[in-house]
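Here is a short briefing on one protein model. Keep the sequence and the 3D view open as you read.

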Amino acid sequence: MRRSTLTAVLLALVSVVAAAPPGVASAQAASPGDEDDAWWRDLRVDAFIDGYYLADWNRPADPGANSDGIVHRAFDRNHGFGLAFAGLGARYATEDVGLTVDLRFGGAQAALIAAPVAEYVALKEAYASWRPTDALQLDVGQFDTLYGGESADSWRNPNYTRGALYFMQPFYHLGLRATWDLGCLVLRGMVVNGTNLAVTDDNQSPHLGLQAIVLPADDVEIAAGYYTGASSSGYGAAAAPGDDDQWEHFFDLVLRAAFFDRLRLALNGSLYVSAPDDDALFYGIALTAAVDVSSMVALALRGELLGDTAALVTQGQYERLGTLTATLDVRPLPQLVLRLDTRLEVSDTDLYADQDTQRTGALRSTYLSSTLGVVVTTDP
């Protein structure tokens, strides 16, 4: 399946929407004797466009110097205009079974999916679901990770740009996932090929993942997770391909709370230990506060601190990093999201280019940027 096939899939999904708008589908499903079309009631198709303008206040001669080559700034690619994502998704769900397909295109597609073959370059999620009981759901296929405090879809987060910690966590997995919903407690487990592997595993052993989500109150959520497997198929990529002996261990904690129907707080902490090297320890913590000023305006502030003792997860770029991001969120319509991020980064190494880098070859340890994001979505 090449680009032409992906295009055909898109056209097919769009034709579904055009052929059966929700109102018509419901009317058809309700017509006596017209049972063949009843499945339309359980189908939903959504689309979105996510574009931005980035101002790099370091002003390097190369517009992509402070994003293309830096491991944690892959979605906002460079100074100027950019199309982060064009997305299309279809979800079919009944009481017993379901299907989910999410496609992504645009400048950030390769950073999110990173598939080695053309058949998978646009496939963010594709999995089938079965509910043997009301409380248990089984998913098989490719699905988003269990871990982390932010989403790949910008408008679902308080800030437009994803944090540095987000890019140090898994994105997706291929395998089997189980969710057991007990109301105030949700348990999740998965057996998967590894981290961000859309095709095959790099060794004989699978990765194993667990997560417990506790809901002690209506506005409080606590999610604790553990993920382990051979590092040759993990996101640290410390071991040689095919090596099953060297294992990695990833711990993740997310705390969310809301106050007074206006203030939202989120804390995400991650710890990664790689067995091949006792010094290979990565940790990160992100704290986000968001407040609704009105029904259309919100403000958010995110602070992060990352440490990578062996510069393993950060691919040798730095051992310590701090970021601070302030965001203005304006939504004139539910389907239209306008975001303005101003972001400061400070690294323990000279990592960022400025206006003198091309002439002197020197880098600096600080980076300041502003990003205006515009999202139009059918799924606000």
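**Asp76 and its surroundings**

Leaving out residues up to four places away in sequence, Asp76 touches Tyr52, Leu54, Ser67, Thr161 and Thr371. Here a contact means heavy atoms within 4.5 Å. This is a predicted model: local features need pLDDT of at least 70, side-chain atom pairs count only at pLDDT 80 or more, and totals for chains, interfaces and linings use all residues. Residues are numbered from 1 along each chain as its sequence is written, and side-chain values use heavy atoms, with hydrogens and water left out.

- Asp76 sits in the loop between strand 1 (43-56) and strand 2 (80-93). Helices (H or I, at least four residues) and strands (E, at least two) are DSSP runs, numbered from the N terminus.
- Is Asp76 buried or exposed? Asp76 counts as buried, because its relative accessible area is 6%. The cut-offs are these: buried is under 20% relative accessible area, exposed is over 50%, and partly exposed lies in between (1.4 Å probe, protein chains only).
- The side chains of Asp76 and Arg73 are joined by a polar contact of 2.4 Å. A polar contact is a pair of N or O atoms within 3.5 Å; within protein, one must be able to donate a hydrogen and the other to accept it, and residues adjacent in sequence count only if both atoms are side-chain atoms.

**The whole protein**

- The protein has four helices and 16 strands.
- Of its 380 residues, 43% count as buried.
- Take the contacts between residues at least 6 apart in sequence: 58% of them join residues at least 24 apart.
- The accessible surface comes to about 17,800 Å², and 61% of this belongs to carbon and sulfur atoms. Such areas come from the Shrake-Rupley method with a 1.4 Å probe; for residues, only the protein chains shown count as cover.

- Phe143 is part of strand 5 (residues 136-144). Its relative accessible area is 0%, so Phe143 is buried.
- Which residues does Phe143 contact, leaving aside neighbours within four places in sequence? They are Glu125, Tyr127, Tyr172, His173, Gly175, Leu176, Arg177, Met190 and Val192.
- Phe143 and Val101 are 42 residues apart along the chain, and their C-alpha atoms are separated by 9.4 Å.
- Leu136 also belongs to strand 5. Leu136 is partly exposed, because its relative accessible area is 27%.
- Leu136 touches Trp130, Arg131, Thr179 and Trp180, not counting residues up to four places away in sequence. From Leu136 to Ala178 is 42 residues in sequence, but 7.2 Å in space, C-alpha to C-alpha.
- Leu176 is in strand 6 (residues 172-181). With 43% relative accessible area, Leu176 is partly exposed.
- Leu176 touches Asp139, Val140, Phe143, Gly189, Met190, Val191 and Val192, again not counting residues up to four places away in sequence. The C-alpha atoms of Leu176 and Met190 are 5.5 Å apart, with the two residues 14 apart along the chain.

**Loops and backbone angles**

- Most residues other than glycine have a negative phi.
- Arg59 is not a glycine, yet it has a positive phi of about 55 degrees. Arg59 lies in the loop between strand 1 and strand 2. Arg59 counts as exposed, because its relative accessibility is 56%.
- Ala114 has a phi near 50 degrees, a positive value in a residue other than glycine. Ala114 lies in the loop between helix 3 (109-113) and strand 4 (123-130).
- Where is Ser365 found? Ser365 is in the loop between helix 4 (357-360) and strand 16 (366-377). A relative accessible area of 23% makes Ser365 partly exposed.
- Ser365 touches Glu345, Val346, Ser347, Thr349, Asp350, Leu351 and Tyr352, not counting residues up to four places away in sequence. Ser365 and Glu345 are 20 residues apart along the chain, with 8.1 Å between their C-alpha atoms.

**The second largest pocket**

- On a 1 Å grid over the protein atoms alone, a pocket is an open set of points where a 1.4 Å probe fits, with protein on both sides within 12 Å along at least five of seven lines; lining residues have an atom within 4 Å of a point.
- The second largest pocket is lined by 22 residues, and Val71, Ala111, Phe167, Phe171 and Gln315 lie nearest its centre.
- By class, this lining has 14 nonpolar, six polar and two charged residues. Ala, Val, Leu, Ile, Met, Phe, Trp, Tyr, Cys and Pro count as nonpolar, Asp, Glu, Lys and Arg as charged, and the others, Gly among them, as polar.
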